[in-house]
Amino acid sequence: MSKLVIDGGNKVVTLAAPIWPHIGDEEIVAVDNALRASRTDINYLTSVRGGGPTEEFEQKLARFFGTEYALATNSGCAALHTALMAIGLEAGDEVIVSPYTWGQTVSPILQQCAIPIFADIDHNTYNLDPHSVEQQISPETKAIMVVHLYGQPADMDPIMDIARKNNLRVIEDCAHAPGATYKGRRVGTIGDIGCFSIGDGKQIVGGEGGFLLTNQGDLYDQALINTQIRRCLKQKLNNASLIERSDSLLHTYNIHPLAAVICGVQLVYLDQWNNERRQNGELLSEGLRGVPGIRPVWVAEEVEHVYHHYSPSFVPEEIEGVSREVYVEALVAEGVDIDLGYVRVPIHLWNRMQKKRYFGKGYPWKAGRRQIEYRRGDCPVAEARCNCYELDVGDPPAWRGDQTVLIRQYLDAFYKLAENIESLRYHTQKR
Ligand SMILES: *Cc1c(COP(=O)(O)O)cnc(C)c1O
């Protein structure tokens with residue numbers, strides 16, 4: 001039995017996690033060409049007119065995802081906000097959303113002066129539980145915001161049924177899941193509008209940026225007139241009379257063309273990179289199946305998970321007397337890139353939600369047509385996951401290519417902990 005690093009032993013993981021995002025030579029050449037082209041064509045430097053590389057990128061996106069329309073934006077958050085404007089969300093309207101997500105799934109709702117209503121998650125997929133969604137519907141509900149968290153598609157069929165029955169719009173937050181599929185369909189093409197981010201550590205990046213997809217001409221028109229004045233004049237709106245409504249009282253949400261150029265190169269590789277991530281994720285899951293105290297990522301039937309994050313569960317019942325904190329500290333000491341979780345606190349319990357102050361004076365809740373309270377216990381599955389079970393390996397894992405050797409080292413570290421449960425109990429007690 002080898003000694004844990006926290007007991008003075010040697011580190012198991014000797015390889016560094018690969019760096020993500022990675023910019024290849026192809027992106028560099030494309031940006032170089034674009035900057036040179038900008039000397040004679042301003043569309044390479046600004047996208048307000050919509051032509052050039054921005055329009056090319058949007059056409060590539062629409063082809064790749066198989067939608068009628070794609071609109072590039074300068075962030076994922078901007079895409080979500082644009083989507084909410086496009087469906088006509090008004091002050092005081094309610095949107096049902098998961099509390100187990102990144103804040104920016106929720107902030108566009110607040111920014112539209114609308115009210116987030118939190119439904120609980122499924123304990124296997126961590127995505128919205130359709131039964132809980134149904135329970136949260138009120139006469140004020142206008143939309144359901146679905147997140148495909150960590151790259152695993154949410155259960156869209158029952159959610160779309162609920163939306164149809166109740167005349168609600170469905171917006172998909174696909175920031176974690178570009179290319180992931182649900183029953184053979186790519187996420188972002190199932191609801192009314194799909195929103196994506198190409199910022200930070202997402203699967204394909206432009207540095208900053210995002211885009212939305214839709215098959216509905218009226219929603220595309222509304223997205224344009226709410227965010228893009230010059231393109232409304234130039235680009236043919238489906239409903240030409242909307243031009244009269246188009247003015248400069250709007251948000252600047254257009255993408256930088258260089259971000260479109262970079263991401264346009266990466267889009268070609270998205271499926272290949274997702275396959276590599278999936279192979280690496282599945283290899284880790286296979287190995288973790290035998291580790292006491294750990295439940296590997298659970299994948300639903302008929303979906304393709306794209307492993308934006310790898311979030312297994314800590315199962316304290318299997319290793320009684322060992323705390324999650326000590327377990328994670330011991331793994332970090334072995335060289336594993338792991339932490340206590342991605343969400344940590346479900347959003348309905350965040351301070352500003354509890355106090356109902358987003359804008360200073362109690363808005364958007366003051367605009368609501370009924371009293372809303374956010375309480376501990378509203379979303380028991382999400383709360384329990386944050387309190388006891390959540391773990392996050394790699395943030396996010398940069399598992400492109402073949403990472404077999406690194407993953408084997410990670411697994412060795414988990415198995416080393418399994419051999420040293422007594423020591424982990426000792427460290428837990430010492431606290
Ligand atoms: C990154 C992210 C966003 C926001 O995207 P930005 O491009 O950073 O604005 C929204 N939702 C989720 C789930 C995200 O991970």
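Reader: Why is Asn167 called exposed?

Author: This is a predicted model. In it, Asn167 has 71% relative accessibility. The cut-off for exposed is over 50%, so Asn167 counts as exposed. Asn167 is found in the loop between α6 and β5 (169–173).

Reader: What makes the phi of Asn167 worth a remark?

Author: Phi of Asn167 is near 60 degrees, which is a positive value in a residue other than glycine.

Reader: Which place does Tyr150 have, and is Tyr150 buried or exposed?

Author: Tyr150 sits in the loop between β4 (141–147) and α6 (156–166). Its relative accessibility is 2%. Buried means under 20%, so Tyr150 counts as buried. Phi of Tyr150 is near 65 degrees, again a positive value in a residue other than glycine.

Reader: How do you know that the peptide bond from Tyr363 to Pro364 is cis or trans?

Author: By omega, which is near 10 degrees for the bond from Tyr363 to Pro364; that bond is cis. Pro364 lies in the loop between α12 and α13. A cis peptide bond also joins Trp20 and Pro21, with omega about 0 degrees. Pro21 belongs to the segment before α1 (25–37).

Reader: What makes a positive surface patch here?

Author: Lys355, Arg357, Lys361 and Lys366 form it. Like charges are joined within 9 Å, and the residues need over 30% relative accessible area and no salt bridge. One of the four is Lys361, placed in the loop between α12 (351–354) and α13 (380–389).

Reader: Why is Lys361 called exposed?

Author: Lys361 has 64% relative accessibility. Exposed means over 50%, so Lys361 counts as exposed.

Reader: Which residues form a negative surface patch?

Author: Asp200, Glu208, Asp337 and Asp395 form it. Among them, Asp200 is found in the loop between β8 (193–197) and β9 (210–214). At 64% relative accessibility, Asp200 lies on the exposed side of the cut-off, so Asp200 counts as exposed.

Reader: How do you know whether the radius of gyration agrees with a compact globule?

Author: For 431 residues, a compact globule would have a radius of gyration near 22 Å. The protein has 23 Å, so the two agree. Along its principal axes, the C-alpha trace spans about 75 × 55 × 40 Å.

Reader: How many helices and strands does the protein have, and what percentage of its residues count as buried?

Author: There are 15 helices and 14 strands. Of the 431 residues, 58% count as buried.

Key
Residues are numbered from 1 along each chain as its sequence is written. This is a predicted model: local features need pLDDT of at least 70, side-chain atom pairs count only at pLDDT 80 or more; totals for chains, interfaces and linings use all residues. Side-chain values use heavy atoms; hydrogens and water are left out. Patches are made of residues with over 30% relative accessible area and no salt bridge: like charges are joined within 9 Å, nonpolar side chains (Val, Leu, Ile, Met, Phe, Trp, Tyr) within 5 Å. Accessible areas come from the Shrake-Rupley method with a 1.4 Å probe; for residues, only the protein chains shown count as cover. A salt bridge is a side-chain nitrogen of Lys or Arg within 4 Å of a carboxyl oxygen of Asp or Glu. Lys and Arg count as positive and Asp and Glu as negative; His and the chain ends are not counted. The place of a charge is taken as NZ of Lys, CZ of Arg, CG of Asp or CD of Glu. Helices (H or I, at least four residues) and strands (E, at least two) are DSSP runs, numbered from the N terminus. Buried means under 20% relative accessible area, exposed over 50%, partly exposed in between (1.4 Å probe, protein chains only). The radius of gyration is taken over C-alpha atoms; the globule rule is 2.2 Å times the number of residues to the power 0.38.
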